[in-house]
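Please look over the sequence and the 3D structure shown here before reading on. The report that follows is meant to be read beside them.

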Amino acid sequence: MKKKIKLNDSNLLLVITIVIFTLMYLGAIIFQGGGFTKPQMFFNQFNNNAALIITACGMSVVMITGGIDISVGGVVALVSMCCAVYLDNPNGNGTIGGSILIALGIGIAYGIVQGFLVAYLDIQPFIVSLAGMFFARGMTTIVNTAPFNVENEKFKALKLTKVTIPFIGSINKKGEFSPAYVEIGVIVALLIVILLFVVLRWTKLGRCFYAVGGNKQSALMLGINVRRTKFLSHLICSTLAGIAGYVYFLHVGSGSASHATGMEMQAIASSIIGGTMLTGGVGNIIGTLFGVLSLSTIQNIVSLAGLDQAWWTGITIAAMLGIFLIIQSVVMAQRKKA
Amino acid sequence: MSKNKTKKFEAGQILIPLIALILLALINLIVDPSFFKITPVVNNSGNTVLSGYLITILDYGSELGILAIGMTLVTAASGGQDISVGATIAIAGSAMLKIICGGVSRPTEVKNYVVTVIVAFVVACIVGMLCGAFNGTLVAVFKIQPMIATLILFTAGRSIAAWINNNELPIVPDPRFAYFGGFIPGIPIPTTVFIVAICIVIIALVLKFTNLGLYTQAVGINEKSSKLNGINPTFIKFLSFVILGLCVAVAALIKVSRLSTINYSVIAKDIEMDAILAVALGGNALSGGKFNMWSSILGAYVIQFLTTTLYKFHVQSDALAAYKAVVVIILVVFSAPTVREFFKKLFSFKKKPAQKGVA
Amino acid sequence: MDEKRVLEMRGIYKIFPAVKALQNVDFSLNKGEIHALMGENGAGKSTLIKVLTGVYEKDGGTIELQGEGMVNIHSPQDAQKLGISTVYQEITLCPNLTVAENMFIGRGKGLITNWKQMNAEADKLLKMLDIPASATQQLGSCSIAVQQMVAIARAVDMDCKVLILDEPTSSLDEQEVEKLFGLMRDLKEMGVGIIFVTHFLDQVYEVCDKITVLRDGQLVGEYDIADLPRVQLVAKMLGKEMDDLSDIKGEEGSYQGEDADKKIFEATGLQSDAGIHPFDFYIKKGEVNGFTGLLGSGRSECVRAIFGADKVLGGTVKMKGKEIKINKPLDAMKNGIAYLPEDRKVDGIIGDLSVRDNIIMALQVLTGFWKPFSKAKANAFADEYIKKLNIKTASADTPIKSLSGGNQQKVILARWLLMHPEYLILDEPTRGIDVGTKVDIQKLVLELAKEGMSVTFISSETDEMLRTCSRLIVMRDRKVVGELSGEDLTQNKIMSTIAGESAV
């Protein structure tokens with residue numbers, strides 16, 4: 001007798017996400033054709049969203065552990081501003097390495113403070129990271145009020161570095177083959193996705209994230225150090241936000257207080273669309289990646305459909321989030337009954 | 001004896017925002033006593049009105065105070081917060097302007113001013129309540145966590161607001177419209193103070209003459225049990241969001257009236273965070289259950305007090321957030337149970353040797 | 001320390017603000033011994049267990065473990081490392097993880113999870129202990145009993161010397177309990193010392209070797225099971241000689257009104273979405289009847305359907321001969337039906353609200369949204385019932401969650417009595433509360449019936465039902481399979497009906 005394989009919660013939601021993303025992309029190719037068949041269009045989704053992918057991954061880890069971090073957008077803005085100021089200082093002695101250290105430093109410092117407050121002082125993560133967001137946004141303006149572009153030569157070179165993808169590309173109007181490319185940030189983002197996937201699936205720490213998110217009290221009784229686990233989840237999330245800040249900075253090449261506005265909400269939305277439950281204990285990094293891609297595909301579809309007034313983007317993202325939330329809620333309710 | 005105990009407890013909760021208020025007042029008193037000066041001035045429209053930092057606080061804290069009422073109920077009933085209030089203020093305000101200006105971006109006059117404004121306000125209330133109903137449905141019927149459910153309108157709200165007026169920014173030509181967010185000629189006190197007072201009286205009456213408070217708390221503490229007691233938790237949660245929607249509409253009236261126009265991306269920006277803070281500062285658990293309405297409202301004014309104080313110290317409006325964040329963190333750290341326990345221990349250790357000394 | 005000893009606790013003190021939870025308590029456990037820890041609620045059993053498992057820090061005394069000497073236990077992890085494992089009444093596993101993960105998470109060295117090896121080991125252990133689950137199954141999809149067993153399997157696999165079972169049987173049916181006992185006896189053979197906490201006296205005498213009794217945070221004594229008959233055990237727990245445990249029915253007499261034969265409530269073909277077969281049911285004025293059957297046989301589901309707590313799918317309901325519709329609890333309440341739910345913590349108390357608010361809740365809802373009671377009236381109601389039911393609380397303003405289990409139950413009972421229902425449904429009103437309060441509640445039920453209230457009483461303890469009910473509806477597999485009254489009301493008859501022998 002063949003036993004029916006029952007999908008667990010994480011995988012079920014992941015499957016739903018991937019199916020919907022594939023259908024959406026195929027639909028876009030069929031009905032809108034043109035751009036969606038070009039490989040570069042596909043890879044540009046990565047180029048434009050590398051930072052979001054990284055923050056969303058961090059967000060997923062925190063959400064799986066049962067928390068939330070809404071400071072990530074602020075951290076991204078703060079990092080890009082600090083790095084911009086550092087690289088653009090009149091002495092001209094800012095180095096790439098130094099700027100990366102700044103980014104990591106800010107991220108780790110954020111992780112330690114927020115993680116400590118949440119894990120060891122039992123303060124609600126929403127409030128802690130709300131204050132964190134306020135602080136980051138405020139600090140960004142204190143560091144420098146006006147937005148500006150970085151003119152550091154080494155940085156510019158790094159920013160323009162492209163990694164071409166062999167064999168995939170399109171033939172342009174002149175009949176030349178132009179290979180598809182991705183930016184360095186995308187490589188970083190994909191490495192992080194793989195790394196986190198491995199951590200969540202095969203390490204003890206990763207499984208502890210799920211356990212704590214599933215039932216905190218039980219996790220404690222099972223001998224898991226709940227406080228340390230929570231702390232580490234926030235540390236990972238904020239560190240990734242720091243890295244994302246640098247990737248974002250690399251993509252836009254400027255510092256501004258209005259950078260990454262609403263990124264925290266996009267990251268949360270991506271995680272949810274990717275099948276992470278806000279209640280904790282359920283989620284998947286691959287799903288999160290697809291969540292980000294789904295979001296950006298929807299944005300592309302909207303703008304290609306000629307609905308390029310600014311408000312349509314907001315409305316469609318919200319509609320999509322709503323649909324996914326309702327799917328999740330219905331699926332979960334159904335499961336509980338079964 | 002036991003009664004005294006509970007009174008002490010209830011008073012204890014309102015003590016949190018009260019102490020914060022006193023601290024802020026003391027700092028101002030030490031740095032610059034003129035902070036508390038209230039002087040009559042003649043304003044742009046030729047009215048004699050009261051002016052001073054305290055008046056500013058009372059005036060500009062109004063929207064927050066009104067939102068705190070709804071936010072407290074939502075928090076208590078659903079154990080979560082509505083982060084879409086800023087965006088829904090934009091929607092309600094936009095709808096209001098659409099009615100008043102009749103879809104024209106630069107009207108020269110408003111016909112039937114009184115009727116139009118009343119209709120516009122009613123429409124704004126309906127729109128606000130519809131937004132609340134949307135959030136409420138997601139939370140109560142589909143059982144989605146409030147913060148995430150309201151994320152939808154948070155993301156889409158300002159876009160919807162822009163869409164209602166086709167991205168135009170209509171300006172109300174009638175100077176009387178500015179009364180709601182400013183001063184009525186002949187009355188030296190800001191109109192907003194009266195609006196808040198009316199709201200407070202209404203909610204006080206509602207809490208006294210209905211079971212809204214008891215039901216909301218029961219649902220927030222134990223949903224299953226309240227259901228078996230004949231309460232409909234779904235409806236109570238839904239209702240709390242609708243009430244918040246109504247509060248949003250009133251806040252939108254004030255916000256739009258202040259400028260006689262609207263800026264979709266800026267109006268009531270970050271106000272959701274302040275409203276949530278007001279509830280937390282009032283000593284209410286953000287996880288729902290028991291609540292103290294007056295503590296929340298006081299909390300709202302404390303936050304405005306802080307904002308005004310910071311402005312006075314010439315802190316840039318964009319950098320304000322950083323200072324607020326520090327205050328918030330200090331506040332929550334000291335109210336965290338773990339930290340309180342620590343201090344209690346510290347305190348008792350200090351006490352013991354002292355007693356020995358006496359003996 | 002004696003060679004056979006695995007655990008020796010001496011002079012344990014634990015002080016909470018204003019409460020002396022444990023005072024100079026000794027406890028010792030031998031190898032291969034099943035040792036019952038008994039006491040009323042609030043006697044200090046849970047506190048002692050929590051001290052031993054590191055949830056609480058002790059304020060005085062020593063703990064000595066075989067092979068470890070004197071130990072200090074600061075956290076559940078410490079306890080685990082020392083070989084002290086606990087299985088709680090509430091499942092303390094993670095429902096979102098697999099069975100295997102739940103057995104192995106939080107222990108062992110290394111950073112990497114080896115799924116293959118873990119699943120293989122888990123399957124081996126599950127097979128050995130005869131637990132019907134597979135290693136890769138998500139725990140949340142298993143029944144509560146299986147989850148409980150997985151928890152024990154986890155403890156067993158950790159080479160524990162001391163296994164603590166804290167009321168593990170309260171959500172299991174008889175067969176599952178038997179299985180659990182089998183498992184316990186196997187472990188005993190293997191030399192594990194087991195501390196068994198339960199409210200069921202039968203179970204104590206079935207598996208235990210020794211009994212330690214606590215009362216008011218103090219040690220009463222340690223006894224061999226053979227030296228302590230039941231009556232004496234109860235007496236020791238209560239601290240007084242009990243004589244009225246055996247028969248209270250005779251004293252009260254029954255309702256003698258003219259309308260004694262009138263059917264108060266009648267249901268035909270009632271069905272709900274909780275998976276019970278349509279059933280017929282009636283109750284007369286002043287009658288006490290009950291649903292009996294194994295756990296999961298559908299007895300709670302039946303009364304929930306009557307009260308409208310689950311979604312009603314079909315059937316007709318009559319109240320005093322008049323047909324009514326009950327779709328939600330409020331409908332039932334309006335018709336004078338009250339329901340004290342099975343799970344006090346989840347469905348009964350509203351934890352943070354005061355005793356007063358908890359008492360007035362049902363009547364208040366019935367009175368209406370627009371008519372809140374004045375403070376004086378609410379206080380009067382609360383004070384009346386606090387006195388009437390002898391509820392031990394500091395004041396009416398105390399949050400109900402800080403009361404003991406028995407007193408919480410009395411508050412919930414007060415809530416429904418205040419409504420002055422014509423028909424009162426009590427689902428397991430005596431579960432998890434101390435013997436004294438149990439008797440109080442049973443007496444109260446009979447008193448109420450004498451005054452003309454109809455009561456449906458459900459309990460897992462058959463003798464309790466025999467003492468109170470004059471008619472029993474027997475259920476099996478979510479179906480009504482029989483009705484017993486008069487002469488048939490005996491332990492044997494009930495058992496055979498439940499087992500299905502009389503149906504042949």
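The model is a predicted one.

**Contacts between chains**

Where chain A touches chain B, the contact takes 35 residues from chain A and 41 residues from chain B. On the side of chain A that touches chain B, the elements that give two or more residues are α5 (125-143), α11 (263-273) and α13 (310-337) of chain A, and α5(A) gives the most, with 12 residues.

**Two packed helices in chain A**

Within chain A, helix α2 (residues 39-64) packs with helix α10 (residues 226-252) at an angle of about 175 degrees, and their axes are 8 Å apart. Because angles over 145 degrees count as roughly antiparallel, α2(A) is roughly antiparallel to α10(A). The residues of α2(A) that take part include A:A50, A:I54 and A:V61, while those of α10(A) include A:I236, A:L240 and A:V247. Taken together, the residues of the contact of α2(A) with α10(A) divide into 15 nonpolar, five polar and no charged.

**Paired strands in chain C**

In chain C, strand β11 (residues 263-272) pairs with strand β12 (residues 279-284) and also with strand β14 (residues 312-319). The table sets out the two pairings.

| Strand pair | Direction | Bridges | Source |
|---|---|---|---|
| β11(C) and β12(C) | antiparallel | five bridges | computed |
| β11(C) and β14(C) | antiparallel | six bridges | computed |

C:A267 stands opposite C:F281, which lies in β12(C), and C:S272 has C:V312 in β14(C) as its bridge partner.

How many residues lie between β11(C) and β12(C) in the hairpin that they form? There are six residues between these two strands, and in the turn C:G275 has a positive phi of about 85 degrees.

Notes. Residues are numbered from 1 along each chain as its sequence is written. Chains are lettered from A and ligands numbered from 1 in the order in which they are written. This is a predicted model: local features need pLDDT of at least 70, side-chain atom pairs count only at pLDDT 80 or more; totals for chains, interfaces and linings use all residues. Two residues are in contact if their C-beta atoms, placed from the backbone, lie within 7 Å. Helices (H or I, at least four residues) and strands (E, at least two) are DSSP runs, numbered from the N terminus. Axes are lines fitted to C-alpha atoms, for helices over the stretch in contact, and angles run from 0 to 180 degrees between N-to-C directions. Angles under 35 degrees count as roughly parallel, over 145 as roughly antiparallel, 65 to 115 as roughly perpendicular and the rest as oblique. Ala, Val, Leu, Ile, Met, Phe, Trp, Tyr, Cys and Pro count as nonpolar, Asp, Glu, Lys and Arg as charged, and the others, Gly among them, as polar. Two strands pair if DSSP finds at least two bridges between them.
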